[in-house]
Amino acid sequence: MSNKLTLNLPSFDYKIKQENGRPYILDVIRKKYIILEPEEWVRQHFIHYMLTSGYPKSLLKIERGHKYNTMAKRSDILAFSREGTPYLLVECKSPDVPITQKVFEQVANYNRIIKAPFLAVTNGMEHYFCKINFETNSFQMLDNLPAYC
């Protein structure tokens with residue numbers, strides 16, 4: 001994984017180290033170095049984008065486990081409201097993975113359990129945001145990352 005891959009996200013001051021011939025990137029939320037794969041590069045950029053957009057570091061959970069149809073799954077990024085309820089669920093993909101209907105279905109299925117009112121899907125190059133209306137079982141596409149309130 002080349003750490004020179006430019007994404008359609010703001011750059012940030014990242015820390016990378018080599019261990020056993022593999023690159024690792026510091027995750028400021030989990031407070032540890034994570035193997036630097038293409039999806040992790042996107043995840044770390046999106047985390048920093050969220051932080052600079054006003055999302056509190058203490059209310060972000062990364063790769064949080066949950067059950068879906070009795071299977072263990074992990075959400076990439078989950079932001080909580082100040083009241084402790086899910087606020088924004090983010091699905092990150094590698095830059096070479098196109099954002100398709102299948103990707104949206106994956107995050108929507110996770111959200112049936114999590115019940116976040118906002119969803120985001122990104123591959124670092126393209127980003128999609130939507131607001132969920134649970135009463136009508138519908139969604140509205142948004143132009144930008146939902147503001148944190």
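A polar contact is a pair of N or O atoms within 3.5 Å; within protein, one atom must be able to donate a hydrogen and the other to accept it. In this predicted model, the side chains of Glu40 and Arg43 are joined by such a contact, at 2.7 Å.

**Helix α1**

Glu40 belongs to helix α1, which covers residues 38–52. The helix has 15 residues, which at 1.5 Å a residue should span 21 Å; the C-alpha atoms at its ends are 22 Å apart, so the two values agree. Of these 15 residues, 11 are buried, so α1 is largely enclosed by the rest of the structure. The buried residues are Glu40, Trp41, Val42, Arg43, Gln44, His45, Phe46, Ile47, His48, Tyr49 and Met50. An α-helix has 3.6 residues a turn, so residues three or four places apart point the same way. After α1 comes Gly54, with a positive phi near 105 degrees.

Glu40 has a relative accessible area of 4%, and buried means under 20%, so Glu40 counts as buried. Leaving out residues up to four places away in sequence, Glu40 touches Ile25, Asp27, Arg30, Ile34 and Ile35.

Phe129 lies in strand β8. Phe129 is also buried, with a relative accessible area of 4%. Beyond its neighbours within four places in sequence, Phe129 is in contact with Phe46, Leu119, Ala120, Gln140, Met141, Leu142, Asp143, Asn144, Leu145 and Pro146. Phe129 and Leu89 are 40 residues apart in sequence, and their C-alpha atoms are 9.9 Å apart in space.

| Residue | Element | Relative accessible area |
|---|---|---|
| Glu40 | helix α1 | 4% |
| Phe129 | strand β8 | 4% |

**The largest pocket**

The largest pocket holds about 470 Å³ of space. Its lining consists of 18 residues, and those nearest the centre are Ala108, Leu119, Ile132, Asn137 and Phe139. Two or more lining residues come from each of α2 (101–114), β8 (127–133) and β9 (138–142). Which element gives the most to the lining? That element is α2, with 8 residues. By type, the lining divides into 9 nonpolar, 6 polar and 3 charged residues.

Definitions and conventions:
Residues are numbered from 1 along each chain as its sequence is written. This is a predicted model: local features need pLDDT of at least 70, side-chain atom pairs count only at pLDDT 80 or more; totals for chains, interfaces and linings use all residues. Side-chain values use heavy atoms; hydrogens and water are left out. On a 1 Å grid over the protein atoms alone, a cavity is a set of points where a 1.4 Å probe fits but cannot get out, and a pocket is an open set with protein on both sides within 12 Å along at least five of seven lines; lining residues have an atom within 4 Å of a point. Grid points are joined across faces, edges and corners, and a volume is the space filled by probe spheres set on the points. Ala, Val, Leu, Ile, Met, Phe, Trp, Tyr, Cys and Pro count as nonpolar, Asp, Glu, Lys and Arg as charged, and the others, Gly among them, as polar. The expected span of a helix is 1.5 Å times one less than its number of residues. Buried means under 20% relative accessible area, exposed over 50%, partly exposed in between (1.4 Å probe, protein chains only). Contact means heavy atoms within 4.5 Å.
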